[in-house]
Protein chains: 2
Amino acid sequence: MAQKPSIPKGTRDFNPEEVAKRNYIFNVIKQQFEVFGFQPIETPSFENSDTLMGKYGEEGDRLIFKILNSGDYLSKVDENLYNQKDSNKITSSISEKALRYDLTVPFARYVVQHQNEIEFPFKRYQIQPVWRADRPQKGRFREFYQCDADVVGSTSLWQEVEFVQLYDAVFTALKLEGVTIKINNRKILSGIAEVIGAQDKLIDFTVALDKLDKIGEEKVKEEMLGKGIPQSGIDKLQPLFSLSGTFESQVSQLKSILSTSEEGKKGIEELEFIDKAITELGLKTATLQLDVTLARGLNYYTGAIYEVSAPKGVDMGSIGGGGRYDDLTGIFGLKDVSGVGISFGLDRIYLVIESLNLFPETITNTVKALFINFGEAEAMASMKAVKALRENGVSAELFPDNKKTIKQFNYANKRNIPNVVLVGESELASNTFTLKNMSSGDQQQLTLEQLIKALQ
Amino acid sequence: MAQKPSIPKGTRDFNPEEVAKRNYIFNVIKQQFEVFGFQPIETPSFENSDTLMGKYGEEGDRLIFKILNSGDYLSKVDENLYNQKDSNKITSSISEKALRYDLTVPFARYVVQHQNEIEFPFKRYQIQPVWRADRPQKGRFREFYQCDADVVGSTSLWQEVEFVQLYDAVFTALKLEGVTIKINNRKILSGIAEVIGAQDKLIDFTVALDKLDKIGEEKVKEEMLGKGIPQSGIDKLQPLFSLSGTFESQVSQLKSILSTSEEGKKGIEELEFIDKAITELGLKTATLQLDVTLARGLNYYTGAIYEVSAPKGVDMGSIGGGGRYDDLTGIFGLKDVSGVGISFGLDRIYLVIESLNLFPETITNTVKALFINFGEAEAMASMKAVKALRENGVSAELFPDNKKTIKQFNYANKRNIPNVVLVGESELASNTFTLKNMSSGDQQQLTLEQLIKALQ
């Protein structure tokens, strides 16, 4: 093969620096997940197709990567079906497995399959890759990690409170201070739709409202009219377009709009509980903000809806989101298991931290010291020191070949190794080590014990 | 869907305890990899099919999971080809991508693709899942992790030495003391084949020799005869069957067998270098042992061959292996890049640690304390303490619902949570916390500060 190899579009190789930075984010998130009492699970990369298909809508079904059956897979395809040469119809006959599309459906499947081993409420987290046959574009990949924390088996609003705290704790630990945690409630959106006579147009209504930020009030109204929402209803929405002030004052404006909707009032009550608790408990660096235009994945959420935006001044859509769903496991036959969960958008968080220069410098350090190789006897003495350093937890290595010193120094330089250790004839004779700092050029002659101390 | 959902055969769900135990092993291995100067990379789960196909032999090609192209994939299939209904012939027309089969070929692809960004020698490690459409059986899965460390770009034998040390360091850190690191060299096997006149039957010869442990000397000889190796040659092998004693004495016996083979003598020289260095540097808990019957993946290895067996008394094939390969990247057009590497068999290591009861107890601890929920005001006071504990790195949680106390205690019990904290009316009034140890039943009434100290 003469041409340079490549990888499939939408996928990525990660070099050591990128892996270190990604792991830094994963580790901070994991640590907070665990301190909050969430426990990790892992599910297989591929599921039976019938576990995934039909769970994400028609578009989702198309975006699921299917795995070809092994062996003589065509022999099992019905002759008539085969002769139609119809990709859609034939797929289920030649593919029984598919790559995970998200972590939520596999989690629901896990809960139902293992329900007898699980103590409810079950607080689980899961950090694994997912795959989507989406058109690749800037910031959108065909393989990417999801980072989810969910609790299933309780309807307590304390969990909604806890997820606000969890977002605050994670972003504070990542030094991403000043994120905004936007919150809404499906019941408020339903209540508004009810009040303006658009119960049957809830999706159209929320899709339009969701665009308020981007297209402005007039265009939103036009879109609603176009979707058949009556002018009289849209007029009732007016106070919504100018909601402002504190969480509390916005809630009181909402109350007047929703005074005739039981569901709307329930939504307000839930929001007030969460806001009151968060006010009393306090957040470290994040702000909780009511956003009645927030609708993400509405079909799915039944109560609270969250979305996190990056600190002001960083242009980067949402870096996290989630909400309450009342019947996650129903699709697999286990009814009445309420759940609530959030996720973290790793790739975007990475970009935000990178753009704000907030990755700790230490995480990309490789080895602390490279021993220069001056020949076999010197190398053996070096390896003894390397071994002692490693046993003391110091990352060190010997350059494997007795190449020109300048080449070995260049190697240390290019790998950003901060120190070299020289063991030549004189050091061999005196049983010492010359430690040279690569940036300052300073040299010290040290015993092994001193060397270990200097590098620890 | 009424029936209980399941997962594809050969795949696994991992519950929180299993994830914790697996991560413990991964973390110990990673830590040692990094202390030895290896850097992590990650490659995509799927590669272009032409990157993988043809690299693992015919059987390997069959075991590679292929991903079906998206969209109307049949429309691009040639009509004549389609009408043949031949699975083998059609696959490359409907599938362009395939799941990673191992970490070695993607690593070779990575090195060639990124050769201009890499400093050689390049010490990389990679811990990622691989997929094989193998018939699932006990201990063999269709999705499993590989854990590889390799150095490419140097032929120095110090690297062979370092990998012996790395195995020793990892298994010692895992408290798996007493593993045997068996070593051999492809050049010795070639030399023996040369001496007995079976150069052209190297594979047959080594496959037979490899079975010595299992089928015994006579059967091995029979098999060699059957494969056309002359009796006169087999007679020359006699000393091989009774090789014994220390590494050094075995080497000296080998020397007499191989005195007429240049390649064989080179292999002995290499082994002696490694043995001498390891003897001088010392191993912590492992033993290095010469095993001339060791041949694993012979087509592939060109120098040292390693295999690690579990401590005596544990019946569990090899738990690691590796070796030197002189032309890994040649398949992608980059010649003369020598490499050497080892891998760790995670699933088997897990079973060995489990069977010897060597997992540290602390790794499966979940939360340190569950706060019992006695109602809204009590819950709020509890959440303030939970927050303070978490900020001090103590994992704690509030039971989300005000259920019967006995149910909440049961929950703590079943989740192995070692303490519960009671905040009832009297604690609320006195601003204190009752900490109850779940196993001893001991109770203490504490201030928040005392509670944090007690649980830290």
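Biologist: Leaving aside neighbours within four places in sequence, which residues is Ser87(B) in contact with?

Modeller: Ser87(B) is in contact with Gly71(A), Asp72(A), Tyr73(A), Leu74(A) and Ser75(A); contact means heavy atoms within 4.5 Å. Ser87(B) is found in helix α5 (residues 87-94) of chain B. Helices (H or I, at least four residues) and strands (E, at least two) are DSSP runs, numbered from the N terminus.

Biologist: What are the ground rules for the numbering and the values?

Modeller: Residues are numbered from 1 along each chain as its sequence is written, while chains are lettered from A and ligands numbered from 1 in the order in which they are written. This is a predicted model, in which local features need pLDDT of at least 70, side-chain atom pairs count only at pLDDT 80 or more, and totals for chains, interfaces and linings use all residues; side-chain values use heavy atoms, with hydrogens and water left out.

Biologist: Why does Ser87(B) count as buried?

Modeller: Buried means under 20% relative accessible area, exposed over 50%, and partly exposed in between (1.4 Å probe, protein chains only). Ser87(B) has 4% relative accessibility, so the residue counts as buried. Asn185(B), in strand β7 of chain B, is buried as well, at 1%. Beyond its neighbours within four places in sequence, Asn185(B) is in contact with residues including Gly267(B), Glu270(B), Leu271(B) and Thr302(B).

Biologist: What relates chain B to chain A?

Modeller: A rotation of 180° with 0.0 Å of shift along its axis superposes chain B on chain A, with an RMSD of 0.0 Å. That is why the relation is one of a two-fold axis. The superposition is by least squares on the C-alpha atoms of residues with pLDDT of at least 70 in both copies. Ile67(B) is the residue of chain B that comes closest to the rotation axis, its C-alpha being at 2.2 Å. The same surface serves both copies, as 100% of the contact residues of chain B recur in chain A.

Biologist: How much area do chain B and chain A bury between them?

Modeller: About 9600 Å², 57% of it on carbon and sulfur atoms. Buried area is the accessible area (1.4 Å probe) that two parts lose on being put together, summed over both. In the interface, 107 residues of chain B are in contact with 108 residues of chain A.

Biologist: What makes Asp13(B) and Arg109(A) a salt bridge?

Modeller: A salt bridge is a side-chain nitrogen of Lys or Arg within 4 Å of a carboxyl oxygen of Asp or Glu. The N to O distance between Asp13(B) and Arg109(A) is 2.5 Å, so the pair meets that rule.

Biologist: Why does the pair of Lys384(B) and Glu280(A) join two chains?

Modeller: Lys384(B) lies in helix α16 of chain B and Glu280(A) in helix α13 (residues 262-281) of chain A, so the pair joins two chains. Their N to O distance is 3.1 Å. Lys384(B) is partly exposed at 38%, and Glu280(A) is partly exposed at 41%.

Biologist: Which peptide bond in chain A is cis?

Modeller: The bond that joins Phe120(A) and Pro121(A) is cis, with omega about -5°. Pro121(A) is in the loop between α6 (104-113) and β5 (122-131) of chain A. In chain B, the bond from Phe120(B) to Pro121(B) is also cis, with omega near -5°.
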